[in-house]
Amino acid sequence: MAPSRTSSKRKVEDADDSTTEEQHSQPSQSTKKARTIAEGGSQSQTPQFTNKVLPVQITLPPKQLGSTRIASWNVSGLAAAEKKGFKFYVEAEDPDILILTETKLNKPSDNSTLKTKFPHQYWSSASKKGYAGTAILTKQKPLSVDETIPGHPDPDSVKGRIITLEYETCYLVGTYVVNAGQGLKTLEEKKIWNTHFFAHLRELDKKKPVIWAGDLNVAPTALDLANPKTNWNKTAGYTEAETSAFNNFLNGSGDNAKFVDVWRKLHPEEQAYTYFSYRFNCRVKGIGWRIDGFVLSERLEERVKACEIRGEIYGASDHIPIVLEVDGNL
């Protein structure tokens with residue numbers, strides 16, 4: 001698949017976990033190309049919505065009959081997102097399971113909308129106040145819950161980053177994956193995460209198939225960010241170490257089964273993003289990264305009904321929700 005290239009800006013904006021690495025703030029030929037696309041040029045690209053808060057009325061496709069709808073969204077601070085129309089998205093999407101990442105909460109939310117919709121809630125907080133944070137809110141009660149990565153040498157660093165729910169037919173793993181940091185200063189921590197996390201998923205897969213979702217903090221291919229050439233091996237999320245680890249995990253080897261990057265499998269040549277930096281008007285220019293998603297054990301692929309990036313849900317966070325529908329209950 002040949003990527004259409006546009007220009008890129010990349011952050012990860014968390015208290016310490018992130019960076020604000022913006023490559024080339026001046027318009028380049030690739031940026032002009034992106035503008036041409038946005039204005040209706042010949043190349044295909046997802047339309048860019050530029051609102052700063054979510055509208056009260058949001059219309060989304062209805063859930064397919066007999067399926068489970070799972071939505072995943074990096075809210076970049078739940079308290080802030082709640083002030084920008086968060087509940088209007090939840091009401092419109094009405095997922096069976098909602099995965100929230102980067103909640104920045106130190107205790108479970110008391111949001112009345114979430115309490116009403118999701119009887120089973122699991123919140124994982126980091127040791128550090130206002131940092132990381134992951135939640136899985138569900139209408140389907142799991143068999144078990146875990147918030148660890150077995151074998152990881154620093155269990156405290158895992159807190160607030162992973163929740164694993166066991167269901168009858170599969171495991172659901174929600175993550176806010178470690179970021180390699182500004183200047184790649186935490187790339188070694190990311191390598192440690194990848195080593196133990198991918199081993200954990202493989203062990204789970206030997207028992208039941210796995211659905212991994214959330215902020216994956218990696219752009220797997222050149223098609224998954226606006227300016228791959230400029231960012232390669234310079235910016236967190238798009239380094240040889242990160243992309244190789246991710247793609248090697250997908251491909252499997254020996255006794256290790258294969259996994260599928262679902263959105264990319266269903267949209268093999270499309271360029272759409274789940275994150276746009278607030279800086280340099282990146283949203284308007286279509287300068288983004290696809291770093292949120294769903295990865296499934298290959299044998300679950302036949303159950304997939306749809307996987308879509310909700311490009312119109314913009315304004316409550318610098319990330320955009322991504323939604324998966326699978327046949328039947330988990």
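This is a predicted model: local features need pLDDT of at least 70, side-chain atom pairs count only at pLDDT 80 or more; totals for chains, interfaces and linings use all residues.
Aromatic pairs to begin with. Searching the whole structure gives 13 of them. Take Phe197 and Phe198: their ring centres are 5.8 Å apart and the planes meet at 50 degrees, so this pair is tilted. Both Phe197 and Phe198 are buried.

Now Trp212 and Phe249. Here the centres are 6.2 Å apart with the planes at 75 degrees, so the pair counts as edge-to-face. Trp212 and Phe249 are both buried.

Those two pairs belong to one cluster. Ring pairs join Trp193, Phe197, Phe198, Trp212, Phe246, Phe249 and Phe259.

Next, charges over rings. Arg283 has its charged end over the ring of Tyr314, 4.1 Å from the centre. Lys208 lies over the face of Tyr171, and there the distance to the ring centre is 5.9 Å.

Is Glu166 buried or exposed? Its relative accessible area is 18%, and the cut-off for buried is under 20%, so Glu166 is buried. What does its side chain make a polar contact with? The partner is the side chain of Ser144, at 2.8 Å. Setting aside neighbours within four places in sequence, Glu166 is in contact with Pro142, Leu143 and Ser144, and also with Tyr171 and Lys208.

Methods: Residues are numbered from 1 along each chain as its sequence is written. Side-chain values use heavy atoms; hydrogens and water are left out. Rings of Phe, Tyr and Trp (its six-membered ring) pair if their centres lie within 6.5 Å; planes under 30 degrees apart count as stacked, over 60 as edge-to-face and the rest as tilted. Buried means under 20% relative accessible area, exposed over 50%, partly exposed in between (1.4 Å probe, protein chains only). A charge sits over a ring if NZ of Lys or CZ of Arg is within 6 Å of the ring centre and within 35 degrees of the ring normal. A polar contact is a pair of N or O atoms within 3.5 Å; within protein, one must be able to donate a hydrogen and the other to accept it, and residues adjacent in sequence count only if both atoms are side-chain atoms. Contact means heavy atoms within 4.5 Å.
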